[in-house]
Amino acid sequence: MSAVLKVADGQVIEMDYTLRVDGAIIDASSEHGPIEFIQGKGNIIPGLEKALYGMTVGESKDVVVLAGDAYGEKDSQAYMEVPRNQFPVDIPMESGTQMELHDEAGQPMVARIDRVGETSVWLDFNHPLAGKELHFAVKIAGLRPATQQELDHGHVHSGHDH
Ligand code: ZN
């Protein structure tokens, strides 16, 4: 009798998935193909990785990941008030507008407008998915043991060494 492969640490998982947030699909493997990762290496968000243990090829599952096990809760310190007149005129002054800024060291940072006041704009530097519950529909498309080199590197090699 041959053992059925199950999702376990050190297995390379090929997985199809659809990710819904607030009822809308925001990412799906039908658009770019399945993802590949090594189970147990933290390659994917912890709450999803935890839910996959023991699954077999062809098996599907709906997984709800709370914010704390995904991108974290919103950090109330990650907001900044900026005078309205400091923004270029071509940036729409409305909630949700995303922009790239640079800090004093020249590092790029992504921010979204949280709210707009008479003279000030409040920027939100949280990850766009912070505070969000993630609804995954996943299907295991393939399983194989990771090679020693993949385990050493902590990521999947598909056809190339690095
Ligand atoms: Zn590598």
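## Nonpolar cores

Welcome to this predicted model, whose largest nonpolar core holds 22 residues, and Met15, Leu48, Leu52, Val65, Leu134, Phe136 and Val138 touch the most other members. A nonpolar core here is a set of buried Ala, Val, Leu, Ile, Met, Phe, Trp, Tyr and Cys residues joined through side-chain atoms within 4.5 Å; buried means under 20% relative accessible area, exposed over 50%, and partly exposed in between, with a 1.4 Å probe and protein chains only. At least two residues of this core come from each of β1, α2 (46-52), β4 (60-65) and β9 (134-145). Helices (H or I, at least four residues) and strands (E, at least two) are DSSP runs numbered from the N terminus.

Beyond its neighbours within four places in sequence, Leu52 is in contact (heavy atoms within 4.5 Å) with Val7, Met15, Phe37, Gln39, Ile44 and Val138. Another core, of 7 residues, lies apart from the largest one and includes Val82, Met99, Ile113 and Val121.

Strands β1 (residues 11-21) and β2 (residues 24-28) run antiparallel and are joined by 4 bridges; pairing requires at least two bridges found by DSSP. Thr18 has Ala28 in β2 as its bridge partner. The hairpin has 2 residues between the strands, and Asp22 takes a positive phi near 50°.

## The zinc site

His153 (ND1), His155 (NE2) and His157 (NE2) coordinate the zinc ion at 2.0 to 2.1 Å, with the donor residues spaced H-x1-H-x1-H in sequence. Donors are N, O and S atoms within 2.8 Å of the metal (3.2 Å for Na, K and Ca), and sites may look incomplete because water is not among the atoms. His157 is buried, at 9% relative accessible area, whereas His153 is partly exposed, at 34%.

## Notes on the model

Residues are numbered from 1 along each chain as its sequence is written, and side-chain values use heavy atoms, leaving out hydrogens and water. As this is a predicted model, local features need pLDDT of at least 70 and side-chain atom pairs count only at pLDDT 80 or more, while totals for chains, interfaces and linings use all residues.
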